[in-house]
Amino acid sequence: MKKVELVEKVAEEAGLTKADATKAIDAMIASITEALSKGDKVPLVGFGTFAVSKRAAREGRNPKTGAVVQIAARNAVTFKPGSALKDAVN
């Protein structure tokens with residue numbers, strides 16, 4: 001599902017205009033992004049939890065040459081689905 005399709009579905013389900021649905025979705029994404037950038041978890045009960053995990057620096061290999069490459073430490077966004085989402089998918 002693309003963002004345009006999501007906007008249409010939200011507008012239809014919530015009785016909003018497409019413009020209002022777009023604003024709501026953009027605000028939600030911005031809020032989640034802001035919370036994650038601060039290192040906070042974002043639990044959405046029944047849907048899942050967004051969180052940030054720290055990845056340590058490590059050595060990797062270039063598959064083409066076999067040369068050792070240093071991979072820098074970084075933060076990664078993780079998502080753990082909630083039980084309602086798991087049940088809906090299965």
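**Notes on the helices, salt bridges and aromatic cluster**

1. Starting with E13: this residue is exposed, with a relative accessible area of 57% (exposed means over 50%, buried under 20%, and partly exposed in between, with a 1.4 Å probe and protein chains only). Bear in mind that this is a predicted model, where local features need pLDDT of at least 70 and side-chain atom pairs count only at pLDDT 80 or more, while totals for chains, interfaces and linings use all residues. Residues are numbered from 1 along each chain as its sequence is written, and side-chain values use heavy atoms, leaving out hydrogens and water.

2. What does E13 pair with? K9 forms a salt bridge with E13, with the closest N and O atoms 3.4 Å apart (a salt bridge is a side-chain nitrogen of Lys or Arg within 4 Å of a carboxyl oxygen of Asp or Glu). K9 and E13 are 4 residues apart in helix α1, so about one helical turn separates them. As a reminder, an α-helix has 3.6 residues a turn, so residues three or four places apart point the same way. K9 is partly exposed, at a relative accessible area of 41%.

3. Helix α1 itself checks out. It covers residues 3-14, and its 12 residues should span 16 Å at 1.5 Å a residue; the end C-alpha atoms are 16 Å apart, which agrees. The expected span is 1.5 Å times one less than the number of residues. Helices are DSSP runs of H or I with at least four residues, strands are E runs of at least two, and both are numbered from the N terminus. Just after α1, G15 takes a positive phi of about 70°.

4. Now for the links between α1 and α2. The whole structure has 4 salt bridges. In one of them, the side chains of D26 and K3 meet at 2.4 Å, N to O; D26 sits in helix α2 and K3 in helix α1, 23 residues apart. D26 is partly exposed at 33% relative accessibility, and K3 is partly exposed at 43%. K18 also forms a salt bridge with E8, the closest N and O atoms being 3.7 Å apart. K18 is in helix α2 and E8 in helix α1, so this pair ties together parts that are 10 residues apart in sequence. E8 is partly exposed, at 36%.

5. On to the rings. How many aromatic pairs does a search of the whole structure find? There are 2 (rings of Phe, Tyr and Trp, using the six-membered ring of Trp, pair if their centres lie within 6.5 Å; planes under 30 degrees apart are stacked, over 60 edge-to-face, and the rest tilted). F47 and F79 have ring centres 5.4 Å apart and planes at 50°, so the pair is tilted. F47 lies in the loop between β1 and β2, and F79 in strand β5 (residues 74-81), so parts 32 residues apart in sequence are tied together. F50 and F79 form a tilted pair too, at 4.8 Å centre to centre and 50° between the planes. That pair links F50 in strand β2 with F79 in strand β5, 29 residues apart. F47, F50 and F79 form one aromatic cluster.

6. How exposed are these parts? F47 is partly exposed at 40%, and F79 is partly exposed at 35%. L44, in strand β1 (residues 42-44), is partly exposed at 31%.
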